[in-house]
Amino acid sequence: MTLKEYKKRRDFSKIPEPSGSVKKGKGKLIYVIQKHHAKRLHYDLRLEIDGVLKSWALPKEPPTKEGVKRLAVQTEDHPMDYASFEGKIPEGYGAGTVKIWDKGSYEMINHKDYKLIVKINGKKLKGDYVLLRIRLKEQKNNWLFFKKKVEND
Ligand code: MN
């Protein structure tokens, strides 16, 4: 896991975003969604995996109920200390304001290259969620994010 791509895109002398000094999470795995008013409004879903925040940008509001599937475009890994970041990115990549939309912890239920099942414990999002990679032509970064159906037995 590397933050090369994250650092490559940013000039930390000009922006308030963290440069990535915190290496490890403590205790529970971090879950956070940041509402990002950039050129286009989107929601950045981040999950702590192997010491970085794996990140997906959702063009629409994350689903709180079953039956809603959202596109989630995987973006570059972010440093752990990004989880608490809120503020205004003045210029360049991602310019706009960032606010925490939901946060908490999560448990990894199943982890495959193309599919993650996570039990999210946030304020807005609660329960089992699925991230499923979809392949559309050459685009490798597209995933679907949705709440897992509860199976009644
Ligand atoms: Mn963003």
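Trainee: Which residues are linked with Glu5 in a network of salt bridges?

Mentor: Good place to start! Glu5, Lys8, Arg9, Arg10, Glu17 and Glu76 are linked in such a network. Before we go on, keep in mind that this is a predicted model, where local features need pLDDT of at least 70, side-chain atom pairs count only at pLDDT 80 or more, and totals for chains, interfaces and linings use all residues. Residues are numbered from 1 along each chain as its sequence is written, and side-chain values use heavy atoms, with hydrogens and water left out.

Trainee: What is a salt bridge, and how many does the structure hold?

Mentor: The general idea is that side chains of opposite charge can pair when their charged atoms come close. Here the term stands for a side-chain nitrogen of Lys or Arg within 4 Å of a carboxyl oxygen of Asp or Glu. The structure holds 9 of them.

Trainee: Which salt bridges does Arg10 form?

Mentor: Arg10 pairs with Glu17, with the closest N and O atoms 3.3 Å apart. Arg10 also meets Glu76 in a salt bridge of 2.9 Å, N to O. Arg10 lies in the loop between H1 and strand S1 (29–37), while Glu76 is in strand S4 (residues 69–78), so this pair ties together parts that are 66 residues apart in sequence. Helices (H or I, at least four residues) and strands (E, at least two) are DSSP runs, numbered from the N terminus.

Trainee: Are Arg10 and Glu76 buried or exposed?

Mentor: Both Arg10 and Glu76 are buried. That word means under 20% relative accessible area; exposed means over 50%, and partly exposed is in between (1.4 Å probe, protein chains only). Arg10 has 10% relative accessibility, and Glu17, at 5%, counts as buried too.

Trainee: Where does Glu5 lie, and what does its side chain join?

Mentor: Glu5 lies in helix H1 (residues 4–8). With a relative accessible area of 32%, Glu5 is partly exposed. Its side chain joins that of Arg9 in a polar contact of 3.1 Å. A polar contact is a pair of N or O atoms within 3.5 Å; within protein, one must be able to donate a hydrogen and the other to accept it, and residues adjacent in sequence count only if both atoms are side-chain atoms.

Trainee: What coordinates the manganese ion?

Mentor: To read a metal site, look for its donors: N, O and S atoms within 2.8 Å of the metal (3.2 Å for Na, K and Ca); water is not among the atoms, so sites may look incomplete. Here the manganese ion is coordinated by His36 (ND1), His42 (NE2) and Asp44 (OD), at 2.1 to 2.3 Å. Along the chain, these donors follow the spacing H-x5-H-x1-D. His36 and His42 are buried.

Trainee: How much space lies in the largest pocket, and which residues are closest to its centre?

Mentor: Rolling a probe the size of a water molecule over the atoms shows where empty space is left. On a 1 Å grid over the protein atoms alone, a pocket is an open set of points where a 1.4 Å probe fits, with protein on both sides within 12 Å along at least five of seven lines; lining residues have an atom within 4 Å of a point. Grid points are joined across faces, edges and corners, and a volume is the space filled by probe spheres set on the points. The largest pocket has about 490 Å³ of space. It has 22 lining residues, and the closest to its centre are His36, Ala38, Arg40, His42 and Ala57. Strand S2 (41–49), strand S3 (52–58) and S4 each give two or more residues to this lining.

Trainee: Where does Lys54 lie, and is it buried or exposed?

Mentor: Lys54 lies in strand S3 and is buried, with a relative accessible area of 14%. A polar contact of 3.1 Å joins its side chain to that of Asp77.
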